[in-house]
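Reader: I am new to reading protein structures, and I would like to go through one with you slowly. Could you show me the model and let me ask about its features one at a time?

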Amino acid sequence: MIEKTMRMNYLFDFYQSLLTPKQRNYMSLYYLDDFSLGEIAEEYEISRQAVYDNIKRTETMLEEYEEKLLLFQKFQERRKLFTELKRLSQKYDDSVEFQNVIQLLEKLE
């Protein structure tokens with residue numbers, strides 16, 4: 001469950017601008033603020049089932065966006081490469097230029 005929550009949080013970060021305001025609100029409350037379906041339903045004065053359906057539909061949309069655009073996958077690959085680059089950079093501690101390049105790359109993340 002934690003792994004799914006983390007994945008949805010990342011997908012939401014990458015693709016939230018493609019969602020409707022209602023979808024963004026439900027996903028934010030459910031995944032970021034840890035509201036229950038009942039709490040969201042009460043907040044919006046709708047049924048718990050309506051909230052559940054909307055969240056499930058939005059999760060499917062986020063997965064479809066990722067399948068096509070691969071932003072999260074590329075992010076994960078970049079993180080692995082940064083880790084490897086940092087490890088290799090230890091061999092070049094005296095190279096200020098090398099360290100500066102790594103810092104510039106990190107700022108782009």
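Reader: Leaving aside its neighbours within four places in sequence, which residues is Ile55 in contact with?

Author: A word on the source comes before the answer: this is a predicted model, in which local features need pLDDT of at least 70 and side-chain atom pairs count only at pLDDT 80 or more, while totals for chains, interfaces and linings use all residues. Residues are numbered from 1 along each chain as its sequence is written, and side-chain values use heavy atoms, with hydrogens and water left out. Contact means heavy atoms within 4.5 Å. Under that rule, and with those neighbours set aside, Ile55 is in contact with Tyr26, Met27, Tyr30, Tyr31, Leu37 and Ile40.

Reader: Which residues touch the most other members of the largest nonpolar core?

Author: In soluble globular proteins, nonpolar side chains tend to be buried together. A nonpolar core is a set of buried Ala, Val, Leu, Ile, Met, Phe, Trp, Tyr and Cys residues joined through side-chain atoms within 4.5 Å, where buried means under 20% relative accessible area, exposed over 50%, and partly exposed in between (1.4 Å probe, protein chains only). Here the largest core has 17 residues, and Met8, Leu11, Met27, Ile40, Val51, Ile55 and Leu62 touch the most other members. Two or more residues of this core come from each of helix H1 (2–15), helix H2 (21–32), helix H3 (37–44), H4 and helix H5 (71–89); helices are DSSP runs (H or I, at least four residues), numbered from the N terminus.

Reader: How many salt bridges does the count come to?

Author: A salt bridge is a side-chain nitrogen of Lys or Arg within 4 Å of a carboxyl oxygen of Asp or Glu, and by this rule the count comes to four. In one of them, the side chains of Lys4 and Glu59 meet at 3.3 Å, N to O. Lys4 lies in helix H1 and Glu59 in helix H4, so this pair ties together parts that are 55 residues apart in sequence.

Reader: Is Glu59 buried or exposed?

Author: Glu59 counts as buried because its relative accessibility is 7%, whereas Lys4, at 34%, is partly exposed. Lys4, Lys56 and Glu59 are also linked in a network of salt bridges.

Reader: Where do Glu84 and Arg87 lie?

Author: Both lie in helix H5, three residues apart, about one turn of the helix, and the side chains of Glu84 and Arg87 meet in a salt bridge (2.6 Å, N to O).
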